[in-house]
Amino acid sequence: MTEAIAARTVLAEYRYTPDRLVPVLGEKWLPRDIRCVASARRFVKDVATDWNAAGDVPEVAELLASELVTNALVHGTTGIGAASAASTVRVTVSRENDLLVVDVHDPCPALPRLRRAGALDPYGRGLAIVQSCSHHWGWTLTPYGKSVWFSSSPGRRPPGRRRHR
C-alpha cells in the first residue's frame with residue numbers, strides 16, 4: 001500500500017495540466033529528423049524574446065527545449081513509421097501567470113526518467129539539465145502519447161526595451 005501511495009505522489013509531482021485559458025504564444029510541428037532540433041531551439045528562443053522574457057530566460061528556454069526535443073526525436077518516435085503523421089513532435093510555448101511553459105509532445109507513451117550519467121558517459125544528462133535549470137518540469141500522458149514540459153520564471157522587461165540579438 002505504501003508503494004502505491006509513493007508511486008501516486010511521484011505521478012502527481014510530474015504531471016502538469018495547464019489552465020485551458022492559458023494563451024499559447026507559439027506552436028511548431030517538427031518532422032522526425034534530428035536536424036530539426038536547431039529549428040526548435042530558435043523557435044523557443046524567438047517566442048520567449050518576442051514576449052519580452054527578461055534576463056537569460058530566452059537562452060535557458062532554448063537550451064532546455066533543445067534537450068527535450070532531442071529526447072523526443074531520439075526516444076519518443078521509435079517504432080513509429082517515419083512517414084506517419086504520428087512520428088511528428090510538437091513544441092508549444094505558453095504563459096501561465098509569470099511562468100513561461102514549454103511543452104514537447106511526442107507519440108510515445110513511455111515515461112521519461114532521470115538518469116545518473118557517469119563522468120565519461122556521452123549521454124544521459126538531458127533531463128538532469130532540465131531539472132536543474134527550470135523552475136519546474138514534468139510530464140503528462142496524453143491520448144496521443146506524452147508531453148514533457150518545463151516552466152521558467154520569465155519576469156518581463158519594461159515595454160520598449162527590447163533585447164538585441
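Modeller: Happy to! Let's begin with helix α4, residues 126–133, where G126, L127 and V130 are buried. Viewed down the axis of α4, these buried residues fall within an arc of 95 degrees, so they line one face of the helix; the arc is taken over the directions from the helix axis to the C-beta atoms.

A few ground rules before we move on. This is a predicted model, so local features are given at pLDDT of at least 70 and side-chain atom pairs at pLDDT 80 or more, while totals for chains, interfaces and linings use all residues. Numbering starts from 1 along each chain as its sequence is written, and side-chain values use heavy atoms, with hydrogens and water left out. "Buried" means under 20% relative accessible area, "exposed" over 50%, and "partly exposed" in between, with a 1.4 Å probe and protein chains only. Helices (H or I, at least four residues) and strands (E, at least two) are DSSP runs numbered from the N terminus.

What does the buried side of α4 meet? Its buried residues pack against α3 (57–75), β4 (136–142) and β5 (145–152), where a contact means heavy atoms within 4.5 Å. At position 133, C133 is partly exposed, with a relative accessible area of 37%. C108, in contrast, counts as buried at 15%. If you were wondering about cysteine bonds, a disulfide is a pair of cysteine sulfur atoms within 2.5 Å, and by that rule the model has zero disulfides.

The largest nonpolar core has 31 residues, and V44, V69, V91 and F150 touch the most other members. Such a core is a set of buried Ala, Val, Leu, Ile, Met, Phe, Trp, Tyr and Cys residues joined through side-chain atoms within 4.5 Å. At least two residues of this core come from each of β1 (24–30), α2 (37–50), α3, β2 (89–96), β3 (99–106), α4, β4 and β5. The largest share, nine residues, is supplied by α3.

Now step over to the strands. Two strands count as paired if DSSP finds at least two bridges between them. β1 and β2 run antiparallel and are joined by six bridges; G26, for instance, has V93 in β2 as its bridge partner. β2 and β3 are antiparallel too, with seven bridges, and here R95 is partnered by L100 in β3 while E96 stands opposite L99. These two strands form a hairpin with two residues between them, and N97 in the turn has a positive phi of about 55 degrees. On to β5: β3 pairs with this strand in the antiparallel sense over seven bridges, with D106 opposite K146.

How well covered are these strands? In β2, six of the eight residues are buried, and in β3 the figure is seven of eight. T92, a residue of strand β2, is buried with a relative accessible area of 6%. Beyond four places away in sequence, T92 touches V24, G26, E27, V101, V102, D103 and H105. L141, in strand β4, is partly exposed at 40%.

Zooming out, the chain has four helices and five strands, running α-β-α-α-β-β-α-β-β from the N terminus. Of its 165 residues, 41% count as buried. Among contacts between residues at least 6 apart in sequence, 67% join residues at least 24 apart.
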